[in-house]
Amino acid sequence: MDKYEELKQILNTSKSIVFFTGAGISTPSNIPDFRSANGLYNEKGGLYRPEEIISHSFFLRHPELFYEFYFSKMVYKDAKPNLAHTFIANLEKKNPGVWVITQNIDNLHQAAGSKHVIELHGSVHRNYCMNCGQFYDLEGTLKVGGDVPHCPRCGGIIKPDVVLYEEKLNENDIRGAINLISHAETLVVVGTSLVVYPAASFVRYFTGNNLIIINKERTDYDQFCSLVFNEDIVSVIKKIS
């Protein structure tokens, strides 16, 4: 049995499966990743590094520069789910033990139909007024207009519900993710090099039977895996569908 058939069999027979996804699952939907050679963090030019711009302190000091970068580089409102998102959503329909834990903020898992999703780093589709707490979806935030979106109700600055550098992950999301991973029979890591902490450390809680990594580049966890696919997730899905 080749490794694609083995992956197919594991996914069809495992009762509890967690997909731990990163930017690489969304690059086929034309959303750039962060750390590859052509990723967002390796773009040249500009006074500030991307990691500095998307930090909490920079957002407070220079909200206009933050939003200029954020809307041009991190919000892709017309992006559509790709074959990988759809495959996972369809697998969940057949198996209620399928969950997604994602580092992505693009909402594409939900757009594909997945219901069991923990978004560790938040979502561009949720925004709130820092003053009064009024909620705004992405369209509502864009409609406000201006260099910096301000709440029409009270005038406060609207902040995306995404985890910026210097901010902590939501404690409930952390506990939920660790609980799911520690009880899963199969953990499939997709499109992440497992270098972003603390999220990457969650993999250490896995004690199940099948640790699988699908990522173009090697990771420090490859040596512990049942199966490793150093290729694009969509190409893997096509081979097992």
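Start with the buried residues of H1 and look at what covers them: strand S1 (17-21), helix H5 (83-94), strand S7 (186-190), strand S8 (210-214), strand S9 (227-229) and helix H9 (233-240) are included. Helices (H or I, at least four residues) and strands (E, at least two) are DSSP runs here, numbered from the N terminus. Buried means under 20% relative accessible area, exposed means over 50%, and partly exposed is in between (1.4 Å probe, protein chains only).

Before you click on, some housekeeping. You're looking at a predicted model, so local features need pLDDT of at least 70 and side-chain atom pairs count only at pLDDT 80 or more, while totals for chains, interfaces and linings use all residues. Residues are numbered from 1 along each chain as its sequence is written, and side-chain values use heavy atoms, with hydrogens and water left out.

**Stop 1: helix H1**

Select residues 3-13, which make up H1, and pick out its buried residues: Tyr4, Leu7, Ile10 and Leu11. Now look down the helix axis: these buried residues fall within an arc of 125°, so they line one face of H1. The arc is that of the directions from the helix axis to the C-beta atoms. On the face turned away from the buried side, you'll find the exposed residues Asn12 and Thr13.

Next, go to the start of H1 and show the side chain of Asp2. One of the Asp2 side-chain oxygens comes to within 3.1 Å of the backbone nitrogen of Tyr4.

**Stop 2: zoom out**

Show the whole protein chain as a cartoon: it has nine helices and nine strands. Its radius of gyration is 18 Å, close to the 18 Å that the globule rule gives for 241 residues, so the chain is as compact as a globular protein of that length. That radius is taken over C-alpha atoms, and the globule rule is 2.2 Å times the number of residues to the power 0.38. Along the principal axes, the C-alpha trace spans about 60 × 35 × 30 Å.

Of the 241 residues, 51% count as buried. Among contacts (heavy atoms within 4.5 Å) with a separation of 6 or more, residues 24 or more positions apart account for 61%.

**Stop 3: the cores**

In soluble globular proteins, nonpolar side chains tend to be buried together. Which residues have the most contacts inside the largest nonpolar core? Select Phe20, Ile101, Leu187 and Phe202, within a core of 25 residues. A nonpolar core is a set of buried Ala, Val, Leu, Ile, Met, Phe, Trp, Tyr and Cys residues joined through side-chain atoms within 4.5 Å. S1, helix H8 (171-183), S7 and S8 each give two or more residues to this core, and H8 supplies the largest share, with five.

Centre on Ile101. Leaving aside neighbours within four places in sequence, the residues in contact with Ile101 include Val18 and Phe20, along with Ile118, Leu120, Ala177 and Ile181. Then move to a second, separate core of 24 residues, which includes Ile88, Phe229, Ile233 and Val234.

**Stop 4: Ser26**

Ser26 sits in the loop between S1 and H2. Is Ser26 buried or exposed? It's buried, with a relative accessible area of 2%. Show the side chains of Ser26 and Asp106, which make a polar contact at 2.7 Å. A polar contact is a pair of N or O atoms within 3.5 Å; within protein, one must be able to donate a hydrogen and the other to accept it, and residues adjacent in sequence count only if both atoms are side-chain atoms. Ser26 also touches residues including His85, Asn104 and Leu108, not counting those up to four places away in sequence.

**Stop 5**

Asn30 has a positive phi of about 65° although it isn't a glycine. Asn30 lies in the loop between S1 and helix H2 (50-53) and is exposed, with a relative accessible area of 66%.

**Last stop: Ala89**

Finish in helix H5 with Ala89, which is buried at a relative accessible area of 0%. Not counting residues up to four places away in sequence, Ala89 touches Ala112, Gly113 and Ser114.
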